Amino acid sequence: MVIKTTRRLLTITTGLVLIYLLFPTLYYYGDYIRQTNPFSGQRSTEQPFTPTDSELACLRGHGGGGHAFFPGSRSGGNDNDNENENNNGHPSHSFSEGTVNPGGIPNIVHFIYGLSNPHSHPSAGHFDFLSYLALRAALVSLQPTVVQLHYTYLSSPPSPDPGADPLSNPWIRRLAQKWPEKFRLVHHQPPAEEGQYAHMSDTLRLQILLEQGGIYLDIDVFAVRSFASLLSAPADGKDTILGYEGGNRWGLCNAVIVARPNATFIKRWLDTYEDVDLEKEAWNYRSVLLPKELAEEGNDESGGGRGGKGEEARGKDGKDGKEAKKGDVCALPPDAFFWPTWTWRHVEWMHTPLKTKEEKEYWERQIARNGGGLFENQMAYHAWGQMAWDRHLKWLTPEVIRKKDTRFNLLVRRFLEDDL
């Protein structure tokens, strides 16, 4: 009896140990199947696209230009096919960076971090090396008047006190020491009641932009070139600039927003958060899908309601979505901010080590030719922290970024400082 019981316990213990050891691998392949199966919808997000004339006009004030590519998404989709394809084409600007062009958008950058306290919510994370690198990329690429980091909790180690010193975090302290004239901390008191922190961040960014204008970036967005062309007064009364997410242009994502103070679109967007039960909606409805609906409403020439028909964007298959023509939003092509996308294959493409020296040198030339971007139209890269953190981002250190040649590492390597 004792022997049988011992064997059972040993079998159960062995099984539990194996499950513990194999769980990361099982989770990885389970997630892979979930994301890449034919019914996941990711193929439509990855579909090839061609920037429209109005998107290019919003991007740089004139037509022309090529289209973004992804291996396998275009005929002859070899990385080396495009070595001589496109020049940068971005115009010079009559106003200096770090100033406000009359009638334009102020060159103020806003980040939001630490609304949820990691002391009581460990999953909230910490302001870490990659967060620091994103802010430094904005400081270097955008040359802003100021970068404002809006926060509630930033101390290290985490404290239940929202008034704990943020400079106890070594990365915050480093920013304050190296950029004393341009880096500014803006503290926000915690809400009276805990809520959905993602939606709190959604509304806070709109409130900040409505009051101050400027550039809002998520903490996992890396600005790779100047936004000067976007800060000049957008044409036709447009007061807000957003980028399409996905090759199918399925939404306008709020991870990057460029807007004038008192922008009418920002006001309309913010008003939609009143008197709604956010828990009953898809998590990305008001941050990605609704902005496109609002833009199409504003762009409806007949003055109709939400979902009015606009001009069809000219994708390869003619079904890329609707192109913004009029109204208060300038919509940029998907490759301006959000390409490659969040899908499994695109995330892997950004973080898979390059196989040859020639491939590395090719992408280094592309980045140099494009003024900092992998693609001609790329002004920033959203690193999709929610999708890429466990697989790739959490493993990145200064040493890894320096020594491991991936497209992501090549893209952000120049923002590393020698003493890191």
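## A predicted chain: burial, bridges and a pocket

Asn409 is buried, with a relative accessible area of 1%. This residue sits in helix H14. Leaving aside residues up to four places away in sequence, Asn409 touches Leu396, Val400, Ile401 and Lys404. These details, like the rest of this report, come from a predicted model.

### The chain as a whole

The secondary structure of the chain comes to 14 helices and 11 strands. The chain has 420 residues, and 52% of them count as buried. Among the contacts with a separation of 6 or more, 77% are between residues 24 or more positions apart.

### The disulfide

The structure holds 1 disulfide. It joins Cys58 and Cys330, whose sulfur atoms are 2.1 Å apart. Cys58 belongs to helix H3 (residues 53-60) and Cys330 to strand S10 (residues 329-332), so the pair ties together parts that are 272 residues apart in sequence. In general, a disulfide is a covalent bond between the sulfur atoms of two cysteines.

Why is the disulfide of Cys58 and Cys330 left-handed? The torsion about its S-S bond is about -80 degrees, and the disulfide is therefore left-handed.

Both partners are shielded: Cys58 is buried at a relative accessible area of 14%, and Cys330 is buried at 5%. Cys253 is another buried cysteine, with a relative accessible area of 4%.

### Salt bridges

A search of the whole structure finds 22 salt bridges.

| Pair | N to O distance |
|---|---|
| Lys267 and Asp271 | 2.9 Å |
| Arg268 and Glu297 | 3.4 Å |
| Glu359 and Arg407 | 3.2 Å |

Lys267 and Asp271 both lie in helix H8 (residues 264-271), where they are 4 residues apart, about one turn of the helix. Lys267 is partly exposed, with a relative accessible area of 39%. Asp271 is partly exposed as well, with a value of 33%.

Arg268 and Glu297 also meet in a salt bridge. Here Arg268 lies in helix H8 and Glu297 in helix H9 (residues 285-298), so the pair ties together parts that are 29 residues apart in sequence. Arg268 counts as partly exposed at 22% relative accessibility, and Glu297 is partly exposed with a relative accessible area of 25%.

Are Glu359 and Arg407, the partners in another salt bridge, buried or exposed? Both Glu359 and Arg407 are buried. The side chains of Glu359 and Arg407 meet at 3.2 Å, N to O. Glu359 is part of helix H11 (residues 357-369) and Arg407 is part of helix H14 (residues 407-412), so this pair ties together parts that are 48 residues apart in sequence. Helix H14 is also the place of Asn409.

Elsewhere, salt bridges join into a network that links Arg136, Arg174, Lys178, Glu417 and Asp419.

### One face of helix H8

Which residues of H8 are buried? They include Phe265, Ile266, Trp269 and Leu270. Seen down the axis of H8, the buried residues fall within an arc of 130 degrees, so they line one face of the helix.

### The largest pocket

Rolling a probe the size of a water molecule over the atoms shows where empty space is left. The largest pocket has a volume of about 1,700 Å³. It is lined by 47 residues, and the closest to its centre are Asp218, Ile219, Asp220, Gly385 and Gln386.

The elements that give two or more residues to this lining are helix H4 (129-142), helix H6 (197-212), strand S7 (251-259), H9 and helix H12 (385-388). Which element gives the most to the lining of the largest pocket? That is H6, with 6 residues.

How values were computed. Residues are numbered from 1 along each chain as its sequence is written. This is a predicted model: local features need pLDDT of at least 70, side-chain atom pairs count only at pLDDT 80 or more; totals for chains, interfaces and linings use all residues. Side-chain values use heavy atoms; hydrogens and water are left out. A disulfide is a pair of cysteine sulfur atoms within 2.5 Å. Buried means under 20% relative accessible area, exposed over 50%, partly exposed in between (1.4 Å probe, protein chains only). A salt bridge is a side-chain nitrogen of Lys or Arg within 4 Å of a carboxyl oxygen of Asp or Glu. The arc is that of the directions from the helix axis to the C-beta atoms. Contact means heavy atoms within 4.5 Å. On a 1 Å grid over the protein atoms alone, a cavity is a set of points where a 1.4 Å probe fits but cannot get out, and a pocket is an open set with protein on both sides within 12 Å along at least five of seven lines; lining residues have an atom within 4 Å of a point. Grid points are joined across faces, edges and corners, and a volume is the space filled by probe spheres set on the points.
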